[in-house]
Amino acid sequence: MTDTKKSIHGEWSSRFAFILAATGSAVGLGNIWKFPYIAGENGGGAFVIVYLLCVVLIGIPIMMAETLLGRRSRQNPINTMKALAEEAGADKNWHYLGWMGVIAGFLILSYYSVIAGWASAYVFKDFTGSFFDADASEIKGLFDSFIASPVQLIFWHSLFMLATMVVVARGVNSGIEKAVRFLMPSLFVMLVLLVAYAMTTGSYDEGIEFLFMPDFSKLTGDSVLTAMGHAFFTLSLGMGAIMIYGSYLPKDVSISKTVFLIAGTDTVVALLAGIAIFPIVFASGQEPSAGPGLIFQTLPIAFGSMTGGWLFGLLFFVMLVFAALSSSISLIEPAVAWLVENKDMNRKQACIWSGSVTWLLGFGTIFSFNVWSEFKVFDRTIFQLLDYLTANLMLPIGGFCIAVFAGWIMTQQHTEQELNMPSPRNYQAWKILICYVAPAAVFLVFLNVIGVL
Ligand code: PHE
C-alpha cells in the first residue's frame, strides 16, 4: 500500500470535510430519537453512565481503528478487509467482516428510513398547525393514529429513501459534503434553545435527575448490552461506515484528534437531546418508557405551547431529517462503493439496486407498528428484532473483530504509521485499549447476556 494511493471515488477536500461527514454520519436519529427513548426504557442514570463508559473505552479506540483501516486500503470495507488481511499475511476469511457490515447497513437503513419518514411527516404536521395549543393527550393521539396508517408511513419512507439515493448517487465530494456542511451547527443551536425551553417547564430538575442520577439496581444484563450496542450505533461503528469515510481521508490528517472531536460532538448532542426531552416528559405527565414514539409525543407539546413554536418546530424537524439523511447516506455507502468497485456499476445503478432492496425491507418495520404489530418472533416485532439484531449484536460483533484485527493482526509498524500520534505514550494507550480493553469489554457483556457471568 503506497502513500499516494487514493480511492477511486475521490477524496474529502479537507480534514474539515471529513469531520463534517463523519459527524454527519454519527449524529442522527440515534442521538435525538433513540438515545432518549432507550435511556427512558432502561431507567435513566445508570444506563447513561454505562453508555458513556462504552463510548470512551470501546467506541473511541474502535473508531480510530476503523478510520485507519479504511485510509490504509482506500477501498470499500469488503475489499479493505481482504487487502489488509493479505498485507498482514492473515486468513482471507476476514473479508466476511466487510460483508457483515454491508448487510448490517441494509438492515439498519431499512428501519432508519421509516423513522426518518416520521420526522419528515412531522415537518408537514407542524407546518399545517397540528400542534397548535394541543395538550399531551392530543399529541399522543396524533402520533398513534399516524403510525397506525401503513399508507402514510410508506409514503414518507419512500420519500426519505429517494432523497438518500439521490444524495448518494451524486458521490462523495459533491453530494455528501454539501449535505452536511450547514446542518450540524444549526441543529446544535436548536437543541440548546430546546434545553432553555425545558428549563421553563417546572420539571427540569426531575428530568436532570432521571438522566444523571444512577440507580444501578435498574440495570439488567440486557440493558448493559443495549447501552453498549448504542455506543456502536451512535458512533456509526462496526459496519464499515466510518471505514469507508476513512478511505476518503487525506493522508496527512491526524486520526486521533479528528476522532475525539467527532465522538465528543456526538455525545454532547445526545445528552442535550436527553436534557431537553425528559423535563417535557415529566411536565406533561408522560412515562419516560414510552418507547420509539417518545420524542414525537413530547417535543410537539413544546412547539405547540411556546411563542414562535410553529417556526421553531418546523426548523427542528427539518434539521432532524437532514441529520438522519447525513447518517443514512453512510449506511448505504459501503454497499454502493462495493457495487461500483467490484460489479462495474456506475454510482447511479448501484444506488438504484441497493436503494430498492432497502426500500422493500422497510415494509417489515412499517407493518410492525400497525398490521403486523401482533406478529412476534422471540417476543419482538420485526422492527424490534431488526434493531436488536443490528445494534445489539451485529455492530458489537463487527466492532470486536475490527479491534482484534487492528490490535492483533495488523503489524505495529502499520498501525503506528497510520495513526502517526505525536507521542509514543498515546499510541501505547490506544494499543492497550484496542488489544485488551475493548474486545474484553464486548466479550464480557455478551457473556453476561447469555447468562454465563
Ligand atoms: N450513527 C447514526 C445515528 O446515530 C446511525 C448509524 C449507525 C449510521 C451505523 C451509520 C452506521 O443516527
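User: Which residues count as nonpolar, which as charged and which as polar?

Analyst: Ala, Val, Leu, Ile, Met, Phe, Trp, Tyr, Cys and Pro count as nonpolar. Asp, Glu, Lys and Arg count as charged, and the others, Gly among them, as polar. This model is predicted. In it, the shell around the ligand divides into 6 nonpolar, 8 polar and no charged residues.

User: How many residues surround the ligand, and which are the closest?

Analyst: A residue is near a molecule if one of its heavy atoms lies within 4 Å of it. Here 14 residues surround the ligand. The closest are Ala 26, Gly 30, Tyr 112, Phe 233 and Ser 236.

User: How much of the ligand's accessible area does the protein cover?

Analyst: On its own, the ligand has 320 Å² of accessible area, and the protein covers 100% of it.

User: Where does the ligand sit, and which elements give two or more residues to its shell?

Analyst: The ligand sits in the largest cavity. Helices H1 (15-26), H2 (29-41), H11 (221-234) and H15 (309-342) each give two or more residues to the shell.

User: How many helices and strands does the chain have?

Analyst: The chain has 19 helices and 0 strands. Its radius of gyration is 21 Å, close to the 22 Å that the globule rule gives for 453 residues, so the chain is as compact as a globular protein of that length. The C-alpha trace spans about 65 × 50 × 40 Å along its principal axes.

Definitions and conventions. Residues are numbered from 1 along each chain as its sequence is written. This is a predicted model: local features need pLDDT of at least 70, side-chain atom pairs count only at pLDDT 80 or more; totals for chains, interfaces and linings use all residues. Side-chain values use heavy atoms; hydrogens and water are left out. Accessible areas come from the Shrake-Rupley method with a 1.4 Å probe; for residues, only the protein chains shown count as cover. On a 1 Å grid over the protein atoms alone, a cavity is a set of points where a 1.4 Å probe fits but cannot get out, and a pocket is an open set with protein on both sides within 12 Å along at least five of seven lines; lining residues have an atom within 4 Å of a point. A molecule sits in a cavity or pocket if more than half of its atoms lie within 2 Å of its grid points. Helices (H or I, at least four residues) and strands (E, at least two) are DSSP runs, numbered from the N terminus. The radius of gyration is taken over C-alpha atoms; the globule rule is 2.2 Å times the number of residues to the power 0.38.
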